[in-house]
Every structure is written in structure tokens, then in C-alpha cells.
Amino acid sequence: RPLLISHADMADMGNTDSASPAEEVVTGVPLLGNPSCESDCAICLSALERASTLRLPACGHTFHTLCLASALQHSMLCPLCRAEVKDPVCNDVAQRLMADSPQESASSLAAELLMDLRARESGSSSSSDQHQSPEETADAIRRAVRLGDASKVPAIASLLGVGMKPSQKPHPVVRLAAVESLRSIVPALHNFWPGWPHVRQLLRDVCTGDDNFEVQKAAVTALKDVGSRGDEEDLTTIAQVLEESADSDVRILAADVLKALGVAGDRCSLRVATIALGDRDASVRSTALSTLRCICGSRGECPELVGELASLISGHELPEVRAAALEIVAQAEALDGPYGIGVASNALRDQSEEVTAAALTTLRKLWNHKHPQAVETLKDLLLPGNAQSKDAVLRCNACVVLQNIAVRGNADAAAVAVKAMADDDDSVRTAAAQAL
């Protein structure tokens, strides 16, 4: 679908007695008739051969695709003869624009069109024939946004450099201004604006494909404003940024966007949050943990998440990540859920005291009062043998858990408590006596 504003913004498009805004949409040069030379675009007055073109089937007039897309923002009429442009033709314009945008010539033309607008507003001569510095082009982009001119969206979008080779891309200053400008323009338009999905896709491509971290950060931030909660494409983009970006600030922003766009119980949201939980940056992990606590819902609503968390618990190098994953297992798994209990039981053999403490806490939350394996698992932790924990604090806590989960009068639990009273540590003996 084309990069167009809604039909509600075209109330005067049927008035053919006066000049249409489309006639001055880009350069401010009114169209007084057919172009003097059919080799020139009647909108920007530059050679047709310099960029992709499209011929309107109803009247036969040819324009630069980018120029025509800008003109159609204001009126669904041919800028020359006022012939009506049907919706299928608008779709063709959009598809051609998206297909041809990875061209250096398209970006050059877009920059000149925006510079012409800037020159017109300042009362100076057109700058199309002058050298344009990146700062001047960026200033022209920002000026178009301040004017509130949605017709400049196609030109600005062409300056994002999506799909171009690094040597062909506009300067990072220009790309940064383009991203920030789209972030300002697009949310102000109606959600049913047909160009919405195209702009979002372009921003997604910048998030994952731009090689400049500042531009990438701006695009990730923009996605937070223009994205939709629970949208799988938006969330997949965030996942790709988390997995591939080498800049921690970019990943921190991505985690923040995930927190804004994630939906409770949504499998894609949970998967991406799990990826963020395994990040090497502590700030990313902290945001991911907070997000998972919110979107996991009530206990047992997301048992399918336990499998992905199990991979972190068994394979991640950082003990704080393994411990955090165990905390979420306790929330995602149902009471007495066998998978979650198995994962936490295996984690009791972890070399990190932080992880084993988290595993015991998870088991306490998942076991019911009559779970058949609970007493046996605690027995292995407390009593001398290969499985006995060397951590006195963990053994002490195991006595407390034994007291909480064993039914009064349970002979096996009482026997474990009696033997634990012979422990070498005073706190363990006291806890065992209390349990008994």
C-alpha cells in the first residue's frame, strides 16, 4: 500500500479550478502546463533518467516515482492534467518506490527535493544546483517536519539508506535526521494512514541493518513510538537487535522497547524477553527480568516458557542469569508441574550458591504438601552423601522447606530432620530441631 495520507485529508481534491497543493508539493514551482521537454519530470523539473520513473496509465504522463508519491500525498489526481489516479495505481507507486529505494540516485534526488523546499521557505534560490552538505540536508529534513508536511515522508524515507551498499548510503547525520523526523511525523497521523506499515518496515530495517550505532539507537527508539503491542514483526526486530548488536546502549534501548510492546501471555513476547534475559549487559537483563515478571501472568499461565528458560539455566555462563531464569520458572510453571520441578531439581547441583538457593526457592513454590519427591530431594541435600550440599546456608534453608512442605506426622520427613540435627553447623542443627 502506498505512502499516502488518509482520504479525509483530501477534502479539496476534486476542485480543479484552482491550483492543487500537489502542484507545489516538492519544489514550490507551480505547474503551468506540459513540461517543455518530455525528458524532464514535471514535478521537480529535473531529468527523468536520473531516478526511477512511473507512467500513469490513465493519461500517460510520466514522473519520478518519488515525486509522484509525494504529490499523491495531497491529491489523487495527475499533477499535470488532473486525471484521477485509482487506488491500484497508488499501490504500484508504493511498490515501485519500495523496490527502487536502494539506489544512490533516489537518495540524491530526495535530498535535492527537500533542499528545494528549504530554499523556497527561506526565500532564497533553489539549492538543487549547489553542493549540499549533510548538515544542510539534515536541516532541510527537520524543517519539513516542523512544517508538518506529510508529503515529504517518501523523500525522507528514501534518505534512510535501507538496502544500499555502505558506500552509497547518505551520511549518518542525514540518516539520523530522517529517522528522527519519521518518528515525529508518523505518530501524528491516523492509524489508518495507508503508509503506516511501510514506514514501520523501513524503521525495522534500519534497526537491524544500519551500521551506525547512533542511527540504530534512534530507529529502535522510533519503533517504540510507531510499533504496536504484541506485533510479531516488531518483536522479531527487537530480538534480532538483542542478538546481533554489538553496542550495549542499543540493546538497552531494545529491552526498553520490548517492555513497552510486550503482551502478557504472548509467546513471541516471552521468547524475546528470554533472549534479553541472557544478555551480557546487566541493564538489559534487569529490564528483561522486570518484563518477564509482568508478561508471565499468574502462576502456570506460561508453562511453554519453561523449556526456553531451561536452556539458560543449564547453559548460560553467568550464575545471575541462571538464578533469574529459575525465578521465572517458579512463576511460569503450574503448581506440581513436573517439567519445572525437574529443571529446578537439576539446578540444585549447580556450582554457584546463588543458583542453588534460587533452585530451592523455586522448588518450594512448585511443590505441594504431598509431593512424593520433595522429602527425598531434601534428604539428599541435608544428609551426608554425594549429593549433600557443602553450603550450610542452603542446608539450613532446606530444613525450613522441609518444615513447610511435609505434612505433620510424616515419618520420612521426621527421620530426615532427626539426622540433620547431627550436622556440623549450628544453624543447620537449630533449623532441623525447629522442623522436627
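Reader: What makes up the chain in terms of helices and strands?
Author: The chain has 20 helices and two strands. Helices (H or I, at least four residues) and strands (E, at least two) are DSSP runs, numbered from the N terminus. This is a predicted model, where local features need pLDDT of at least 70, side-chain atom pairs count only at pLDDT 80 or more, and totals for chains, interfaces and linings use all residues. Residues are numbered from 1 along each chain, and side-chain values use heavy atoms, without hydrogens and water.

Reader: Where is confidence lowest and where is it highest?
Author: pLDDT is the predictor's confidence in each residue, from 0 to 100. Helix 3 (residues 104-122) is lowest, at a mean of 52. Helix 9 (residues 232-244) is highest, at 96. The chain averages 81.

Reader: How many of the residues count as buried, by percentage?
Author: Buried means under 20% relative accessible area (exposed is over 50%, partly exposed in between; 1.4 Å probe, protein chains only). Of the 436 residues, 52% fall under that cut-off.

Reader: What makes the lining of the second largest pocket nonpolar, polar or charged?
Author: Ala, Val, Leu, Ile, Met, Phe, Trp, Tyr, Cys and Pro count as nonpolar, Asp, Glu, Lys and Arg as charged, and the others, Gly among them, as polar. The lining includes L402, V407 and A413. So by this definition, eight lining residues are nonpolar, three polar and one charged.

Reader: Which helix gives the most to that lining?
Author: Helix 19 does, with three residues. Helix 18 (392-405) and helix 19 (411-420) each supply at least two.

Conventions: On a 1 Å grid over the protein atoms alone, a cavity is a set of points where a 1.4 Å probe fits but cannot get out, and a pocket is an open set with protein on both sides within 12 Å along at least five of seven lines; lining residues have an atom within 4 Å of a point.
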